[in-house]
Amino acid sequence: MKPSTDCRIRFEGRGPNLSETVRTVCDACYNEVDAPVVAVCETVDVRGVSVTDEFWYPICPLCGNRIGHAATMDRNFEKMYTAYREARDVPRPDEIVALRRRYGFSQRVFAAILGIGVASVQRYEGGALPSESHAELLRQARDPQILRERLRGGAPRLGERDRERALRAVEQQAASRIDYAVVRLDLLDCLPRTATPETGLRAFDADRLREAVVYLAAHVGNLFVTKLNKVLFYLDFSAYRDEGAGFTGLRYARADYGPVPDQYDLVMAALVDGATLAYREQGDGRVIVARRGADLSAFSPQEVARLDTVAAFANGFATTAELSAYSHEERAWLETPSGEVIGYDLAQYLRLPEPLPAKGARA
Ligand SMILES: [Zn+2]
């Protein structure tokens, strides 16, 4: 979304965009006119979401009235709805269609499972904005487990045959797909949440880890997954060495190619959700990129300085392979048997310079 100042600068003092006109009847002077469509920067309220963007209006060339023109307003509504859907995580029309087709449901069956009218499903797939309660139902439909529960417990409008067929489709999806939303919840449950020697005496905090990775994705060049594994290792072990507690609360294990967060494939599946963090294909691998800036409010200036130090350290290696080779000289890796958890006590031998104090952090 463009900030209002941005589009004001672009449109202030500029004449109408004459490249597009609509032939219509002015609703003020009632003349039939060829009205030029101009872009106006405005902030509008869409059900509590403030949307600032360029919206289009046909201007009457005779009386200067902004003409209420249905087809042009539809384009404005589409912009507003898109912004609202993004802000409130409301499934888009194409996502609703894809979701329904994933299970092979007709609009009638899908509507019956959700307990809403088939006309509503048709309107939402056609671009209408769902009500808040219907939006919640559509969000839930992303999760096959919830659909299964609805099929077992409710959906009275569904015939027995439709219900059984729908249950089979949902169960198949639940079994064959990794639903990242569900994995994200599982992740929080299965990683140790208490501070122990294995977690560097810090309780694992998914939000801290996510924001640290978002920051690193923006500050470390070519952040391949293998590189991130090492970067996190240096982040946590240097924090433990210098402060007596790790940074993220992750456990680390010895893999043949270096130290890695324990269960790192699960950690990655949970972190790289396509919304906050995403993969970009690059060369033979996938680079992690951030889709937004990091929220550093939970970190002290010293912790931000540590993120910077570790990022600079990683950027000092020309390739991920060189960083890997360097990590293979660490006693933390050398002295741990393959597949075993690496003890944070070995952090004292870490070959990473101490971070500089953050600017302004200390007098
Ligand atoms: Zn007019």
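Predicted model: local features only at pLDDT ≥ 70, side-chain atom pairs only at ≥ 80, totals over all residues.
Let's start at a hairpin: strands S6 and S7 leave 2 residues between them, and Gly283 there adopts a positive phi near 55°. Strands here are DSSP runs of E with at least two residues, helices are runs of H or I with at least four, and both are numbered from the N terminus. S6 (residues 277–282) and S7 (residues 285–290) are antiparallel and share 6 bridges; two strands pair if DSSP finds at least two bridges between them.

Residues are numbered from 1 along each chain as its sequence is written.

Now move to the open sheet, where 3 strands follow the order S1-S2-S3 with antiparallel pairing. S1 and S3 (49–58) are its edge strands, each pairing on one side only. S1 and S2 are joined by 5 bridges, and Thr24 has Val33 in S2 as its bridge partner.

The loop between S1 (21–25) and S2 (32–46) holds Asp27. Asp27 counts as exposed because it has 12 C-beta neighbours inside 10 Å; the cut-off for exposed is 12 or fewer, for buried 20 or more, with partly exposed in between, and C-beta atoms are placed from the backbone. In space, Asp27 and Asn65 are 8.0 Å apart, C-alpha to C-alpha, though 38 residues separate them in sequence.
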